[in-house]
Amino acid sequence: MKNTYIRNPKKTGMKNIYLLICVLCAICMKSQTPFWYENFGTGAGCSSDQGFLLGNYSDGLGTWTPNTFSVTANGTYANIWYVSETEGGRNVGDCGNGCLDSLPITNRTLHIGSQAGSPHSALCPLGDCGATYDPGIGNGQVTTSIRAETPIISCVGKTTVSLQFDYILRGDTAHDYLTVWYSDGPTWTQLGKPVPTLTCNVSNPIDTEGIWATQTYALPATANNNGAVKIGFKWVNNDDGIGSMPSVAIDNITLLALNTAPLPTTLTVTIVPPSTNTVYCTGTPYNFTGVANPGPITFYQWSSLCSVPLYNAQFNPSPAWQNGEAITFPVAGTYTLTLKCNSQNNGVNDTTLVVTVVQTPTINVTPLDPFICNGGTGINLYPHGALTYTWTNAPTTAPPTYLNVNGDSVNVNPSTLVPPKAFNYTVTGTAVDGCISAPVVETVTVIPIPTPYYHANPDSICSGNHTILSVDSMPLTTTYTWTANPTAGLGTNSGPFAQATPIYFNYSNSPNDTNVFYQVQINLPGCPPYQPHTFSIWVLPLPHVQTTDTINDCNGMGDTLKAVTIPATGITLTWVPKGSATPLTGLSSNANEAVVNPTVPKTYYVTPTNVFGCKGPKDSILVLLGDTQNASIIKEYGIICSGQNVVLTAGPQNNPAVNNSYHYSWGASSGGPANIVSTSVTGDTILVAPTQSTIYTVTVHGICVKHNIAKADIQVNQCTTPIPVLSLSTHTVCVGHCITYKDSTQYTSTKPLTYTFVFAGAEAPHGHIYPPPGNSTLNGDTLLFTTTDSVKLPPIKVCYYVNSLLNENDTAHGVYGYFPVTEIIKNGIGQDSSLTDSVRVYNGPIADANGHQVVTINQGNTATLCSTGSYTATTTFYNWAQPDSSSMTCPNCACVVVTPSVTTQYTLTLTDASGCIDSDTITVIVDIICRDIFVANAFSPNGDGLNDVLHVKTNCPMTNISFKIFDRWGEKVFESTDEAVGWDGTYKGKLMNSDVFMYTVDGFLSNGKEAKKKGNVTLLR
């Protein structure tokens, strides 16, 4: 190997912009002027674009393309064309100098460099160390043949076209070299093979750098007036390990020509659609071409607008440069494609093309991925969703047989091959407009003929129960048809499971069974037919039981429950009390009997079970008890007015659930006549109206007990009309306050009394009445209360929430509207009288502290708070209350000035001349301005009481504080999480010597801001 090494990419040197050279060259060539050039621009530093591949480079001139000529000619780590600053461009005659990081000399070039991971990657681990290539080690890994191709160059209006570029080049003339190419559109032609440039001898004798030179080629006549010209730079190297640096670097590529005609005055832009497409389908990528004249065109931009909102065309790659490649339309509709071009000479122009897009069909096939049996007849496949269909199959798959000319049904039968095996058939659908669906692959699996497994669970059942009939081990595409006698209780006629509930028809109730048959026919598409299968289910008879209807247990000695069964033998009975799940235990030896002794009337159920375990329908028996309750009388009133009706109720009442056997006889044992108003005196309730005090009796007759007598006395008064006596706790009240009403009529001798109170203005939602306990009802603003015997009427509390001033009338004459209070009292015979009083409700003040506005002040400032509520002219007594009265001026004024040191809540209380009160609160937020924390830079813990402890100081309290002290070796000698605890200069109980210590402080101030500080402190002794 000769002179093989990797150059240092970080050398610096001077570099000038090539624009001046281009102008000078144009003058030298007289009538030939530059019309296209590429200098690859500048960057921000070598590391910013090191390794930038040519295929990713695009500017206003278009996109460069690396063209690999042969897969076998390029090794795994073939050298690559880069566009970066790792090989900086220099003036012609200057030495190449690697990367030029001296701003603003950051000129990028097109150059060949090694890949990361190539055989010599240890010398250039990231790849792209400038015009430094890897010549290989002889194993073919770096063999390279790649041409860097320019974007399309328009030579319209140009003749006598020349190519000029600057370059450095060494390599190996025979095997590692550069060739220059030209394309007139369809054909590439080699222009020449540039000679290696001269080298510079630098301090390192093996470090040779190329001297930048220039090269010019005349393009063939086919370039004249040609709008599709391209230039190519092809690098070739073998893998023999021989070659010198640099490889090749190219800069300042320029095309020069004569103008044959003046340039058009305007830019013309045209969109060329795909020539073969007249119908556009959703989801299919299409290539549209943009054409613009004259050039050079510096910018192409594609965009679209769809008639369906939010569904514009999708560009891949994103809208840029000349060709609209792989444009996809997501939904059906009308799309307007827009192409905007920017010309270097003729400004900006755009054009549009309207495209109609139809929906691409989506197809599916039924049945989905079926199974067929080896030796079967195959299966029919049915596609859906398109007009016509095209089927294809793998070479090893039997072709489909078309059942319809449009391919919408086919028969496939690959079952002649050895199973099991899966075969794929692919179908595409074409819609009426020609759009073709995505292919759908249908997999047909050939399997051995499945063997069904038939079983019943259980195969013998009691009459009325059910069994599950099943067919297992069959594919999902199997169909099932179930049949049975109409009375066999078959629950389904399809599916692999069937529930059967057969009926037992042996009416003689003999122990013989009944045999019921069920049949299922299965069918598996693509398989030979199956023979029907018959299930046989044994149905067992049910036993029957019968009991007596009712047992009367008057003596309370217990009863024997008896039952008769069919059949008479072989039956087991289970007795269960009603409401219990636990059967009776300790039955007699006779299984058909049970002895019970209930304490209340109770129903017992009995269930028969035969030797097969079949349970028959249950029967019941009711056991009634004797009359164990004493007779009683409940009276509606004990004291009444003469002739007033009273309801008397006897107990025990005639409850059908308790024997239903009571009879009643009513009468009077003393006093006046019974005066029974009821039409019957044999029921458990009667209505009486005595005119004098009377003792009533009732005799209760039961089943077992002959009679039971109870008595009740009714006291009769000669009632007079009651006169209401009512007192109010006050006749005036503020809105929202309450009044207590007290009645004294209840202390008279006339009873019973019924009170009716009407409190106008207290009806919900304006107010609230607190009714007394006992026999009272409330309906709106009316309270009804009835006193009986010695029950007294408690005081009544009424609250008002509406102002009577709303009802004021002629105030000039002192006439006001009040809320009336009416009391009506009625005795038992309907005699009543009433009393009306009234109450006036004042509106009262409405406190509003500072209009409910939030007040925020800085610490140390004042705030003015005012009462802004509504109140009458006779108001007002103000009272401002707060925790610290010393910071408030005039607490009994409408407005106060406060100076709180912290956030404080103030309460305003208003009192008017009527004594009505209202309150409101307002909070003054104090914004504390927290200053930086402070730690002294020295302290002297000598016990003199001055500066003995080192503290963290701030005007705001701190939370989550961490105060740490470290000695000069980094050992922590003190830590505190309490702002009040500081360092006294000791460590482990011993005084520290004079020295410089480091401290750190972390925490949060009371205003929520984080506080951090660190520094040094000197301990002095």
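**View 1. The largest nonpolar core of this predicted model holds 38 residues.** Five members stand out here: Trp 64, Trp 81, Leu 110, Phe 233 and Ile 250 touch the most other members of this core. At least two core residues come from each of β1 (33-38), β5 (80-84), β6 (109-113), β7 (144-149), β8 (158-171), β9 (177-183), β14 (230-237) and β15 (244-259). The largest share, six residues, is supplied by β15.

**View 2. Phe 233 and its contacts are the subject of this close-up.** Once neighbours within four places in sequence are set aside, Phe 233 is in contact with Trp 64, Trp 81, Leu 110, Ile 146, Arg 147 and Ala 148, among others. Its contacts also include Phe 165, Leu 178, Thr 179, Val 180, Ile 250 and Ile 253.

**View 3. Four strands form an open sheet in the order β32-β37-β36-β34.** The pairing in this sheet is mixed. Which strands stand at the edges? They are β32 (460-462) and β34 (479-484); each has a single partner strand, so one side of each is left without a neighbour in the sheet. From one strand to the next, the twist averages 30°. Look next at β36 (residues 514-523) and β37 (residues 533-540), which run antiparallel and are joined by seven bridges. Within this pair, Val 520 stands opposite His 533 in β37.

**View 4. Ser 867 sits in the loop between β63 (863-866) and β64 (877-881).** Is Ser 867 buried or exposed? Ser 867 is buried, because its relative accessible area is 10%, under the 20% cut-off. Not counting residues up to four places away in sequence, Ser 867 touches Asp 848, Tyr 878, Trp 880, Ala 894, Leu 908 and Leu 910.

**View 5. Here is the whole chain, with two helices and 75 strands.** Of its 1021 residues, 42% are buried. The accessible surface comes to about 49900 Å², and 54% of that belongs to carbon and sulfur atoms. Among contacts between residues at least 6 apart in sequence, 66% join residues at least 24 apart.

Notes:
Residues are numbered from 1 along each chain as its sequence is written. This is a predicted model: local features need pLDDT of at least 70, side-chain atom pairs count only at pLDDT 80 or more; totals for chains, interfaces and linings use all residues. Side-chain values use heavy atoms; hydrogens and water are left out. Buried means under 20% relative accessible area, exposed over 50%, partly exposed in between (1.4 Å probe, protein chains only). Contact means heavy atoms within 4.5 Å. Two strands pair if DSSP finds at least two bridges between them. Axes are lines fitted to C-alpha atoms, for helices over the stretch in contact, and angles run from 0 to 180 degrees between N-to-C directions. Accessible areas come from the Shrake-Rupley method with a 1.4 Å probe; for residues, only the protein chains shown count as cover. A nonpolar core is a set of buried Ala, Val, Leu, Ile, Met, Phe, Trp, Tyr and Cys residues joined through side-chain atoms within 4.5 Å.
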